[in-house]
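Q: Could we go through this structure together? I have the sequence and the coordinates open and would like to ask about particular places.

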Amino acid sequence: MLGHLRTAADEPPRFVLSRWLFLRLLAVTYFIAFASLTTQIVGLVGADGLLPIDRYLERAFDLWGAEAYYRLPTLLWLWPSDVLLVAFCWLGMSLGLVAMVGFAPIATFAALWVLYLSLTIAGQDFLSFQWDVLLLETGVLALFYCPLGWYPPLVTQRRPSVAARWLIWGLAFKLTFLSGVTKLLSNDPTWWNFTALQFHYETQPIPTWTSWYLHNAPEWFSMASVGLMFVVELAVPFVIFIPTRFRLVRTLGCAALCLLQIAIALSGNYGFFNLLTIVLYLSLLDDTVIACMLPRYVSTPGAPHAEPPLPPRPWRVAVASVTVAVALLSVLSFVREVRRPNPMPTWAATMLRWVAPTRSVNGYGLFRTMTVERPEIVIEGTADGEIWQEYNFTWKAGDLTRAPGFVQPHMPRLDWQMWFAALGPQQHTHWLL
């Protein structure tokens, strides 16, 4: 592959095939996210669930009145029922398949975003993870990246907008760099003295069986792993800003970023987070590199035809204006995370507050402070008031004789939330009790 990149060094970078792969993999991620919810959503927020959506929306309307529709933009306002919750999950899976085929990409990805936003708001605490909002933010930016048309063939697609491409790349940079810098800005001593991973594999929400071996690895290995992680999260993301003609450097940077996500996925269960992050990283690669990764019948679809005419000027101006606004908001969300706990200027805080209900302009920073102990809540039940038996969760740590397993890309949300509940039971009594 490296030899092929050297021979293609003089070819101008194109991103038509790269966009094709990005959108297909994003569709796969959407499909997984909706499929994972189908078996959980009723138990979590259904009529007899832990946080019933109908009561939640009713209380919101009592508190805010008509403003509740703005604060909680979900289609569940139409009919907050178990039937609609499940229907949205299955409709999302169906639209994910449609997006994989490439039919009406803008309309399909817009519908996927609306459905997932609706379920995220309905899910309350159980759909408040960083990969949920990351999927929403990626989904919004994908709308600018999609080709026009009902079923645009690969060979006749117009090259994607440079601005739209940079929105995707900017999100990849923001996610990765903030993941590293927020650990240092938190002043957590375990990150600064490189001992964080001596705790992490044991105290993370849902370990895997490989976590045991990593936890018992030599101290030097854990400390070296922290150093290597900081290099990948703080230094490697800057390859995004290297001109696209330096294909080899960008490819090596993308490989390093992807390898970190693979390592994280092998050491713990984080739902579809690692897959979605890798999808963002792959967008950095141009068509020449992507062609080396795909089967020949996909990567060589034939000689491209002349590009279709540009859309009308008013349409281009409108899209450009929205693109600039989205880019500005993304930069502000980045600055907000770096400035914490210092407040943002009033005008910036107001702009971010306006778009906050969409959950599509976010800051990131997983494990900015390390948990060094692992408390667990044990839930028991009795049928006769005398003999008590423990309820075993399928995926969270419990029985010490049972090795933890791999569950990703499925996201067992109650098991995850039990980890947060153990860290602060008082903050979670509204669903835990």
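Q: Where does P409 lie?
A: P409 is in the loop between β2 and α20 (413–423). Helices (H or I, at least four residues) and strands (E, at least two) are DSSP runs, numbered from the N terminus. The model is a predicted one, in which local features need pLDDT of at least 70, side-chain atom pairs count only at pLDDT 80 or more, and totals for chains, interfaces and linings use all residues. Residues are numbered from 1 along each chain as its sequence is written, and side-chain values use heavy atoms, with hydrogens and water left out.

Q: And the peptide bond from Q408 to P409, cis or trans?
A: The bond is cis, and its omega is near 10°. A cis peptide bond also joins R340 and P341, with omega about 0°. P341 is found in the loop between α18 (313–339) and α19 (346–355).

Q: Is Q124 buried or exposed?
A: Q124 counts as buried, at 10% relative accessibility. Buried means under 20% relative accessible area, exposed over 50%, and partly exposed in between (1.4 Å probe, protein chains only).

Q: What is the phi of F367?
A: F367 has a positive phi of about 55° and is not a glycine either. F367 sits in the loop between α19 and β1.

Q: Changing topic: how do α2 and α6 cross?
A: The axes of α2 (residues 16–38) and α6 (residues 82–101) come within 8 Å and cross at roughly 165°. That makes α2 roughly antiparallel to α6. Axes are lines fitted to C-alpha atoms, for helices over the stretch in contact, and angles run from 0 to 180 degrees between N-to-C directions. Angles under 35 degrees count as roughly parallel, over 145 as roughly antiparallel, 65 to 115 as roughly perpendicular and the rest as oblique.

Q: What is the handedness of the crossing of α2 and α6?
A: The crossing is left-handed. A crossing has that hand if the near helix is turned anticlockwise from the far one by less than a right angle, and is right-handed if clockwise.

Q: Which residues make the contact?
A: On α2 they include R24, F31 and F34, and on α6 they include F88, W90 and M100. Contact means heavy atoms within 4.5 Å. By class, the contact of α2 with α6 has 14 nonpolar residues, three polar and one charged. Ala, Val, Leu, Ile, Met, Phe, Trp, Tyr, Cys and Pro count as nonpolar, Asp, Glu, Lys and Arg as charged, and the others, Gly among them, as polar.

Q: How does α6 meet α7?
A: The axes of α6 and α7 (residues 105–123) come within 10 Å and cross at roughly 150°. These two helices are therefore roughly antiparallel to each other, and their crossing is left-handed. Among the residues that meet are L85 and F88 in α6 and F109 and L112 in α7. This contact has 13 nonpolar, four polar and no charged residues.

Q: Which residues touch the most other members of the largest nonpolar core?
A: F22, Y30, F109, Y116 and W131 do, out of 105 residues in that core. Its largest share, twelve residues, comes from α2. A nonpolar core is a set of buried Ala, Val, Leu, Ile, Met, Phe, Trp, Tyr and Cys residues joined through side-chain atoms within 4.5 Å.

Q: What is Y116 in contact with?
A: Leaving aside neighbours within four places in sequence, the contacts of Y116 include Y30, F34, D132, F272 and R413.

Q: How many residues of α15 are buried?
A: Nine of the ten residues in α15 (residues 273–282) are buried, and the helix is mostly covered. What covers the buried residues includes α2, α8, α9, α14 (247–267) and α16 (287–293).

Q: What about S267, buried or exposed?
A: S267 is buried, with a relative accessible area of 7%. S267 belongs to helix α14. Not counting residues up to four places away in sequence, S267 touches Y201, Q204, T208, T210, S211 and L214.

Q: Last one: where is D384?
A: D384 is in the loop between β1 (380–382) and β2 (388–390). At 48% relative accessibility, D384 counts as partly exposed.
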